[in-house]
Amino acid sequence: MYSLQEWLCEIGGFAATSLQPAAGAHGELTGILIIRAYHRDRGDLRRTKILIPNSAHGTNPASTAMSGMEVIELPSDERGNVDLAALRAACDDTVAGLMITNPNTLGLFEEHMLEVVEQVHACGGLVYGDGANMNALLGIVRPGDLGIDVMHYNLHKTFSMPHGGGGPGSGPVGVCEKLADFLPGPLVEVIEAGDEDEAPLFGLVMPAKTIGRVKAFHGHFGMLVRAYAYIRMQGKSGMREISDHAVLNANYLRVRLRQTYHVPYDRICMHEFVAEGRWEQAPGIRALDVAKRLMDFGFHPPTNYFPLIVHEALMIEPTESESKQVLDAFTEAMIKIAEEARTHPDILHAAPHVTPVGRLDEVKAAKDLVLCCRPAELGEPAKR
Ligand SMILES: Cc1ncc(COP(=O)(O)O)c(C=O)c1O
């Protein structure tokens with residue numbers, strides 16, 4: 001755990017890291033609570049606003065709202081960047097910080113990142129980096145060097161598992177020097193340095209002004225082991241290769257698919273790009289239908305409907321681990337699905353066809369939770 005903390009500090013350019021948060025969204029909540037604690041500690045109680053670009057992942061405003069802060073949405077410009085004029089207008093002494101994802105959820109590198117950071121710092125705010133897209137930056141750019149004050153990693157995306165791989169997540173949070181005292185604990189620290197014959201003595205330490213624990217025990221420990229092993233296996237040079245391949249794979253797919261699927265922000269992308277799952281010639285078809293049909297071809301469907309600024313969004317994020325053969329098979333499946341959308345839309349509407357269960361009622365699953373199951377003879381389980 002100590003090594004992983006240290007490596008994440010090095011990779012992101014941070015002074016300290018806590019491994020506690022259970023997932024990306026939980027890391028965001030933790031980071032915003034740290035920002036809040038920092039301002040409060042300085043007696044600056046007016047800062048209650050967090051600025052968030054409208055290209056953000058849905059968890060960004062959700063976790064910010066959960067922290068009790070007010071979400072202020074910023075528009076994007078026509079190239080998918082934060083609109084600098086709108087940012088300037090929003091910056092004042094009530095701003096606690098900005099939450100920004102770079103590359104953003106369009107898969108685009110923020111072209112004015114340094115100006116954005118400078119602007120927020122100039123008004124006394126802090127910059128939160130949503131590090132879920134670190135796949136694109138490993139070994140190339142350190143968010144801490146760009147001026148980001150606090151950032152979560154999605155270990156389950158960047159260090160071992162493609163997006164949507166399932167299972168638990170882990171969202172460690174790295175911070176700059178001035179926020180280190182506010183991190184959730186315990187952290188693992190060297191209590192007594194070792195020497196040639198003796199290993200150092202490690203201990204668990206609570207930072208001086210900690211926001212407290214955010215997770216029982218030490219977070220999702222299994223995921224920490226997985227990330228530790230992946231980073232160790234890749235080594236320093238492997239870090240850069242991860243990003244090189246993830247970015248190359250995404251651009252390969254973008255260029256192969258852009259004749260068939262409209263890519264609204266069509267410029268060199270990072271590790272993902274966003275296409276539209278809709279066509280004028282196939283009026284009844286939605287991104288959801290494309291995603292469900294992909295399952296029949298053996299592909300895990302991409303995230304759809306995020307970011308909100310793209311209609312019927314399909315966010316395509318191949319990761320570093322897919323071979324050219326897999327990317328080609330994916331492209332062929334996508335092209336075939338686009339053809340079916342025009343010629344046999346019913347196939348898409350009824351998809352998936354080969355999975356043990358068909359289309360689930362996702363709204364019911366969220367609104368009508370059944371949290372326990374028991375044998376039929378005991379009747380329906382209690383509902384919440
Ligand atoms: C850009 C971005 N931010 C935040 C998250 C949230 O992470 P998690 O699903 O681990 O809560 C994701 C998830 O994919 C993401 O893509």
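User: Let us start with helix 8. Is helix 8 mostly covered or mostly open, and how many of its residues are buried?
Analyst: This is a predicted model, and in it helix 8 is mostly covered, with seven of its 10 residues buried.

User: Which residues of helix 8 are buried?
Analyst: The buried residues are Ala-287, Asp-289, Val-290, Ala-291, Lys-292, Arg-293 and Leu-294.

User: And what covers the buried residues of helix 8?
Analyst: The cover includes strand 11 (303–304), strand 12, helix 9 and helix 10 (345–350).

User: What follows helix 8?
Analyst: Gly-298 follows helix 8, and its phi is positive, near 85°.

User: How many bridges join strand 11 to strand 12?
Analyst: Two bridges join these antiparallel strands. Within the pairing, Asn-304 stands opposite Leu-314 of strand 12.

User: Where is Pro-307, and what kind of peptide bond joins Phe-306 to it?
Analyst: Pro-307 is in the loop between strand 11 and strand 12. The bond between Phe-306 and Pro-307 is a cis peptide bond, with omega about -5°. A cis peptide bond also joins Ala-351 and Pro-352, with omega about 5°. Pro-352 is in the loop between helix 10 and helix 11 (362–367).

User: Back to the loop between strand 11 and strand 12: what is phi of Glu-312?
Analyst: Phi of Glu-312 is near 50°, which is a positive value in a residue other than glycine. Glu-312 sits in that loop between strand 11 and strand 12.

User: Why does Glu-312 count as partly exposed?
Analyst: Glu-312 counts as partly exposed because it has 19 C-beta neighbours inside 10 Å, and a residue needs 20 or more to be buried.

User: And what is phi of Thr-319?
Analyst: Phi of Thr-319 is near 70°, again a positive value in a residue other than glycine. Thr-319 lies in the loop between strand 12 and helix 9. With 19 C-beta neighbours inside 10 Å, Thr-319 is partly exposed.

User: What is Val-274 in contact with, leaving aside neighbours within four places in sequence?
Analyst: Val-274 is in contact with Leu-106, Gly-107, Pro-307, Val-310, Ala-313, Leu-314 and Met-315.

User: How many residues of domain 1 and of domain 2 are in contact?
Analyst: On the domain 1 side there are 24 residues in contact with 26 residues of domain 2. By class, that side of domain 1 has 10 nonpolar, 13 polar and one charged residues. The centres of the two domains, taken over C-alpha atoms, are separated by 28 Å.

User: One more topic: what is the order of the open sheet of seven strands?
Analyst: The order is 1-7-6-5-4-2-3, with mixed pairing. Strand 1 (16–18) and strand 3 (70–74) are at its edges, each with a single partner strand, so one side of each lacks a neighbour in the sheet. On average, neighbouring strands of this sheet are turned by 25° against each other, direction ignored.

User: In which sense do strand 5 and strand 6 pair?
Analyst: Strand 5 (residues 126–131) and strand 6 (residues 150–153) pair in the parallel sense over four bridges. Gly-131 has Tyr-153 of strand 6 as its bridge partner. Helix 2 (residues 24–41) packs on the sheet, touching strand 2 (49–53), strand 4 (95–101), strand 5, strand 6 and strand 7 (173–175), and its direction makes about 165° with that of strand 6.

Key: Residues are numbered from 1 along each chain as its sequence is written. This is a predicted model: local features need pLDDT of at least 70, side-chain atom pairs count only at pLDDT 80 or more; totals for chains, interfaces and linings use all residues. Two strands pair if DSSP finds at least two bridges between them. Axes are lines fitted to C-alpha atoms, for helices over the stretch in contact, and angles run from 0 to 180 degrees between N-to-C directions. Two residues are in contact if their C-beta atoms, placed from the backbone, lie within 7 Å. Domain bounds come from an automatic or database domain assignment. Ala, Val, Leu, Ile, Met, Phe, Trp, Tyr, Cys and Pro count as nonpolar, Asp, Glu, Lys and Arg as charged, and the others, Gly among them, as polar. A residue is buried if 20 or more other C-beta atoms lie within 10 Å of its own, exposed if 12 or fewer, and partly exposed in between; C-beta atoms are placed from the backbone.
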